[in-house]
Amino acid sequence: MAVTVEQVKAALSLVIDPNTGKDLVASKTIKNIQIDGAKISLDVELGYPAKSQFQLIGDAVIAQLRALDGVTEVDVGVSSKIVAHAVQRGIKIMSNVKNIIAVASGKGGVGKSTTAANLALALAAEGAKVGMLDADIYGPSQPMMLGISGRPETTDGKTMEPLENHGLQVSSIGFMINPDEPMVWRGPMVTQALQQLLEQTNWRDLDYLIVDMPPGTGDIQLTLSQKVPVTGAVIVTTPQDIALLDARKGLKMFEKVCIPILGIVENMSTHICSNCGHAEAIFGAGGGEKMCADYEVDFLGALPLTMTIRQQADIGAPTVVAEPNGPIADIYKTIARKVAIKVAEKAKDMSSKFPTITVQNT
């Protein structure tokens with residue numbers, strides 16, 4: 001006797017997604033169940049990019065279904081489908097960008113830009129189409145970190161093409177000025193530049209746009225919250241009390257403007273000696289996790305303070321591309337998956353489902 005769809009679903013409810021902690025049936029990731037005698041075929045459609053996890057999840061499904069009586073063959077296809085999710089009320093999402101993620105810190109010097117670059121690269125490595133917007137107008141660092149130089153091209157004289165490297169689409173004011181030229185601009189010019197970089201760049205069907213924010217809680221942050229459709233924010237801090245003090249201000253700012261916090265990354269968590277491998281918490285310990293507990297947000301992960309992270313960023317090949325299979329790249333990829341899962345768990349954007357209503361005099 002052939003197995004039934006109900007039996008298949010009951011078996012699959014015992015398969016837990018190792019990234020979300022939820023079973024595949026409850027998370028509604030099972031699609032297109034087909035039963036043909038002793039053969040079962042189905043698709044697993046994840047709501048977040050996880051190319052490195054496809055084999056693991058597929059094998060778990062096959063093992064569970066082959067344990068059913070009468071089943072001799074199982075065909076499983078595992079894929080990801082990234083959709084647009086809800087943003088601030090009253091702001092319409094961009095047609096060519098599904099989700100915008102701000103990477104922010106309360107103060108400079110905590111490794112925010114390095115974290116943003118590796119986060120973007122990790123999402124791309126997991127199969128997503130990713131862009132990087134360098135919103136730090138006064139101190140753009142992404143061109144150097146991502147190993148990109150040159151001027152953006154335009155095909156229509158009004159918009160510009162993003163520059164690309166390591167599989168990322170990138171836009172930065174740094175592409176339009178000399179590296180040693182200071183940006184002596186007042187707030188209104190800075191916010192206008194941010195909007196132009198965002199809206200006049202021809203982003204090509206991005207799943208995620210990572211925005212490397214400037215430190216602080218000033219004009220750029222205000223513009224982002226009022227005019228840019230942001231899906232969520234990631235806060236980067238170090239365990240040091242002074243960094244945590246400013247990180248708390250950054251977190252509270254996003255809460256005030258109704259941008260959800262996707263989680264906190266603790267950078268420079270421990271120093272690893274390059275000679276002996278000894279680990280020491282030179283900036284303190286547990287600060288990021290305590291902040292998460294205080295504000296009931298997720299702790300996304302902790303990164304060590306190592307010379308290689310700095311060296312790789314300086315030469316334009318951040319850790320995720322320089323050592324893609326290394327232990328530090330694995331931490332970045334784990335953080336990236338957690339961020340993507342938090343986005344996937346948010347309400348989907350439904351603005352495109354509603355018809356445009358026009359009123360005419362008759």
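Asp36 in strand β1 has Lys39 in β2 as its bridge partner. The structure is a predicted model, in which local features need pLDDT of at least 70 and side-chain atom pairs count only at pLDDT 80 or more, while totals for chains, interfaces and linings use all residues. Residues are numbered from 1 along each chain as its sequence is written, and side-chain values use heavy atoms, with hydrogens and water left out. Helices (H or I, at least four residues) and strands (E, at least two) are DSSP runs, numbered from the N terminus.

**The sheet of β1, β2 and β3**

- Three strands form an open sheet with mixed pairing, in the order β1-β2-β3; two strands pair if DSSP finds at least two bridges between them.
- The edge strands are β1 (30–36) and β3 (73–80), each of which pairs on one side only.
- From one strand to the next, the twist averages 10 degrees.
- β1 and β2 (residues 39–46) run antiparallel and are joined by 5 bridges.
- Ile30 has Val44 in β2 as its bridge partner.
- The hairpin of β1 and β2 has 2 residues between the strands, and Gly37 in this hairpin takes a positive phi near 65 degrees.
- β2 and β3 run parallel and are joined by 8 bridges.
- The chain crosses from β2 through α2 to β3, and this β-α-β crossover is right-handed; the term applies if, with the strands pointing away from the viewer, the path from the first strand over the helix to the second runs clockwise.
- Val44 also stands opposite Val78 in β3.

**Helices on this sheet**

- Helix α1 (residues 5–12) lies across β1 and β2 and runs at about 130 degrees to β1; axes are lines fitted to C-alpha atoms, for helices over the stretch in contact, and angles run from 0 to 180 degrees between N-to-C directions.
- Helix α2 (residues 54–66) lies across β2 and β3, and runs at about 150 degrees to β3.

**The sheet of eight strands**

- A second open sheet, also of mixed pairing, has 8 strands in the order β6-β7-β5-β8-β4-β9-β10-β13.
- β6 (163–165) and β13 (299–302) stand at the edges with a single partner strand each, so one side of each has no neighbour in the sheet.
- In this sheet the twist averages 25 degrees from one strand to the next.
- β4 and β9 pair in the parallel sense over 4 bridges.
- Ile101 has Gly232 in β9 as its bridge partner.
- Helix α7 lies across β4, β9 and β10, running at about 170 degrees to β9.

**Ile100 in β4**

- Ile100 is found in strand β4 (residues 97–104).
- Ile100 counts as buried because its relative accessibility is 2%; buried means under 20% relative accessible area, exposed over 50%, and partly exposed in between (1.4 Å probe, protein chains only).
- Ile100 and Thr231 are 131 residues apart in sequence, and their C-alpha atoms are 5.3 Å apart in space.
- Leaving aside neighbours within four places in sequence, Ile100 is in contact with residues including Met94, Leu198, Leu209, Val228 and Thr231; contact means heavy atoms within 4.5 Å.

**Packing of α3 and α11**

- The axes of helix α3 (residues 112–125) and helix α11 (residues 327–344) come within 8 Å and cross at roughly 75 degrees.
- That makes α3 roughly perpendicular to α11; angles under 35 degrees count as roughly parallel, over 145 as roughly antiparallel, 65 to 115 as roughly perpendicular and the rest as oblique.
- Among the residues that meet are Thr114, Asn118 and Leu119 in α3, and Tyr332, Lys333 and Val339 in α11.
- The residues of this contact divide into 8 nonpolar, 3 polar and 1 charged; Ala, Val, Leu, Ile, Met, Phe, Trp, Tyr, Cys and Pro count as nonpolar, Asp, Glu, Lys and Arg as charged, and the others, Gly among them, as polar.

**Residues in loops**

- Most residues other than glycine have a negative phi.
- Asp205 has a positive phi near 50 degrees and lies in the loop between α5 (187–199) and β8 (206–212).
- With 44% relative accessibility, Asp205 counts as partly exposed.
- Met268 has a positive phi near 55 degrees and is found in the loop between β10 (261–266) and β11 (271–272).
- Met268 is buried, with a relative accessible area of 17%.
- Pro239 is in the loop between β9 (232–237) and α7 (241–256), and counts as buried at 3% relative accessibility.
- Pro239 and Glu289 are 50 residues apart along the chain, and their C-alpha atoms are separated by 8.9 Å.
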